[in-house]
Amino acid sequence: MMIQATVVAPDVAVVAHGLRRTFGRREVLRGVDLEIRRGEFVALLGRSGSGKSTILRALAGLDRGATGDVFVPQRRAVVYQDSRLLPWARVLENVVLGLDGPDAAADGRNALREVGLTGHERDWPKTLSGGEAQRVALARALVRHPGLLLLDEPFGALDALTRIRMHALVQQLCQRHDPAVLLVTHDVDEAILLADRVLVLTDGRLSLDVPVLVERPRRIGDVAFSALRSRLLSELGVADSSDAPPVHPRQEYLT
Amino acid sequence: MTLSDVRAGPSPIAATPIDGPPTGSSALVKLPLAGAAVATKTTRHRSLGKGSQRLIGVVLLLGLWELASLAGWIRPQELAAPTAVVSAGAHLVATGALQSALWASLQRVFWGLAIGVPLGAVLALLAGISRSGENLIDANVQMLRFVPIIGLESLFVLWLGVGETAKISMISLGVMFPIYINTFAAVRSIDPRYHELADVIGLGRWQRIRRIVLPATLPGFLIGLRMAMAVAWLLLVFAEQINASSGLGYLIVEAQTYFQSNVIVVCLACYAVLGLLTDVLVRTLERVLLPWVPGR
């Protein structure tokens, strides 16, 4: 697969055409066509093992074995489910890893302030909580001013309360920095809460591509929310048993 | 919440005395946590007891040994009594013989390590980082490591004579293997997710080595270093007992000739202390170089 840095159109951040990937005899991606506009937040849903992360890795430029045409911005950043901080580097060193130049440290401090971790610059990663570590990973991504931010289930390992706070923080940061975002998740509610558009990956192809028209601030349980939720769940092959009020505690998301 | 809060509050846990009479299966017991007056006292007692008990054990053994010597159960030419060992040590220090022997031995170990450790580490990094490096280096090292180093002594003497070079070369070679094997294993067991991170971030080759490979390899290298120190002392004793005109090993051989078991024990004690000191050195290195490892 060739990743080319050519600009396709001024308002487009990602174009993937005929993206295919096979592992052995298993065809995981069978021709995915995908476009993400600049500043657009797209969530990619799919069952586990459906190849969501394979798409993300291909867009990150990490998968040399994929085929197809992919155009992505030069600056890309990935936040994984594990924070993937280097345990032997202090928090600030992790944030500015690989950056040089006189402003690197100052930029790193700024990024840490944005994620609310001022004062933790000299901490060792192993002393951080899961949520704090993810915020450092977020700072490490944002300090690079990515044109494309790839989020690979970044909230998956967090407890419910921390996840709510992280959702709000990610929304706020994405509004400020305005990168194109691809969020890979298996959490339908999370996708609806955060994304401008939701894609569903089924059997190696994008089987659904819907804009999220629920008004912000979005609330789980709103009529439009529930309707989209049911549709996405049925696309994923799960019966939505919650016509009654949702089992979740009522959460409010301020943007 | 502080402990005083717990005590002041009307908590049922605080209200139940620790060694109070059992009042049935529903009774609560106070956990003897650190910070409580009673608990501190017992902890201090125990740690003091442990230290002094260990000391008592050593003193007891030395005392038995002394008694056995006094009673004539152990003959002095077989094993000198502790007091005889101490006086022999004092005599060796007074004449300066022990110091010069120690100095000669330390120099050999130092140069052996100074050459062997960097050599092993560099070879391991080359083999660990590049495929061609592995093909060139690893097979050779894996083959050579099964050759007993002590068996190479004859070759070294043949090549380098009986001087210092032969001894230092043998120590260097022996030290190289534990360093190489542990460092190579550490390079190879670096979590591939960190390499992927380096790809995403776009770290260059040198940055990748400096930021990821070297720090990730350091703990394995230090394990190798600890083993290398032990090997260095072992080979030193061997080399010095075969052919040397100075050093602790030479002192031992000399004492053996004159049936001076007290001098032999002094030298052995020196080896033990030196081994202990190198271990402390590596532990200190670990503490200084691995501040991110929790529990240090």
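Domain bounds here come from an automatic or database domain assignment. On that basis, chain B has domain 1 at 37-74 and domain 2 at 89-289. Their centres, taken over C-alpha atoms, are 35 Å apart.

Some housekeeping. This is a predicted model: local features need pLDDT of at least 70, side-chain atom pairs count only at pLDDT 80 or more, and totals for chains, interfaces and linings use all residues. Residues are numbered from 1 along each chain as its sequence is written, while chains are lettered from A and ligands numbered from 1 in the order in which they are written.

Now the fold. Chain B has twelve helices and zero strands. Those are DSSP runs, numbered from the N terminus: H or I of at least four residues for helices, E of at least two for strands.

How much of chain B is buried? Of its 296 residues, 25%. Buried takes 20 or more other C-beta atoms within 10 Å of the residue's own, with C-beta atoms placed from the backbone.

Look at H8(B), residues 164-188. In this helix, 20 of the 25 residues are buried. End to end, first C-alpha to last, H8(B) reaches 36 Å. That is close to the expected 36 Å, which is 1.5 Å times one less than the number of residues.

Next, the contact between chains. Chain B gives 15 residues and chain A gives eleven; a contact means C-beta atoms, placed from the backbone, within 7 Å. On the chain B side, helices H9 (192-201) and H10 (205-242) each give two or more residues. H9(B) has the largest share, seven residues.

Within chain B, take contacts between residues at least 6 apart in sequence: 67% join residues at least 24 apart.

Conventions
Buried ≥ 20, exposed ≤ 12 C-beta atoms within 10 Å, placed from the backbone. Contact = placed C-beta atoms within 7 Å.
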